[in-house]
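Me: Hello! I am new to this structure and would like to learn how to read its features. Could you walk me through it step by step?

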Amino acid sequence: MTMKNFVQPGNYVTVTAPAGGLSSGEGVLVGHLFGVAATTAAEGAEVEIATNGVYDLAKDDTAAFTAGAPAYWDDANKVVTATAADNLRIGTALVAAATAATVGRILITGHAI
């Protein structure tokens with residue numbers, strides 16, 4: 001049974017691609033909503049983003065992750081980081097990643113806190 005005011009599950013939502021556009025698989029922060037682009041989109045175009053799940057995301061190569069550590073989004077550099085300062089939490093690291101690693105495996109939660 002569906003409520004009369006139900007809109008959608010929210011696993012994917014439509015947002016406007018930011019300045020510079022998005023490539024499929026890139027992380028994007030829209031206010032406090034974080035997601036991963038399902039497709040490539042030009043700046044200003046509508047794009048579907050996944051708001052939950054496990055993704056390999058570009059990682060800050062100056063900090064290491066331990067499994068279970070909080071993961072934050074560095075929106076200026078468009079990478080996931082272990083650094084909380086000036087960044088919003090987007091999920092949890094699922095596996096350890098050395099400092100030099102360029103990718104982090106992250107369980108995203110959809111909303112940045």
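Me: Let's start with Lys 59: what is the nearest side chain of opposite charge, and how far away is it?

Reply: Gladly. In general, Lys and Arg count as positive and Asp and Glu as negative, while His and the chain ends are not counted. A salt bridge needs a side-chain nitrogen of Lys or Arg within 4 Å of a carboxyl oxygen of Asp or Glu. Buried means under 20% relative accessible area, exposed over 50%, and partly exposed in between (1.4 Å probe, protein chains only). Here, Lys 59 is buried yet has no salt bridge; the nearest side chain of opposite charge is Asp 60, 5.9 Å away.

Me: Before we go on, what kind of model is this?

Reply: It is a predicted model, where local features need pLDDT of at least 70 and side-chain atom pairs count only at pLDDT 80 or more, while totals for chains, interfaces and linings use all residues. Residues are numbered from 1 along each chain as its sequence is written, and side-chain values use heavy atoms, with hydrogens and water left out.

Me: Where does Lys 59 lie, and which backbone oxygen lies 2.7 Å from a polar atom of its side chain?

Reply: First, the naming: helices (H or I, at least four residues) and strands (E, at least two) are DSSP runs, numbered from the N terminus. Lys 59 lies in the loop between β5 and β6. The backbone oxygen of Ala 63 is 2.7 Å from a polar atom of the Lys 59 side chain, and the backbone oxygen of Thr 99 is 3.2 Å from a polar atom of that side chain.

Me: And Asp 60: is it buried or exposed?

Reply: Asp 60 is buried, and it has no salt bridge. Its place is in the loop between β5 and β6. A polar contact is a pair of N or O atoms within 3.5 Å; within protein, one must be able to donate a hydrogen and the other to accept it, and residues adjacent in sequence count only if both atoms are side-chain atoms.

Me: How many aromatic pairs does a search of the whole structure find?

Reply: A pair of aromatic rings is described by the distance of the centres and the angle of the planes. Rings of Phe, Tyr and Trp (its six-membered ring) pair if their centres lie within 6.5 Å; planes under 30 degrees apart count as stacked, over 60 as edge-to-face and the rest as tilted. The search finds one pair: Phe 34 and Trp 73, tilted, at 4.9 Å centre to centre with 55 degrees between the planes. The partners are 39 residues apart, Phe 34 in β3 (residues 33–37) and Trp 73 in β6 (residues 70–74). Phe 34 is buried, because its relative accessible area is 0%.
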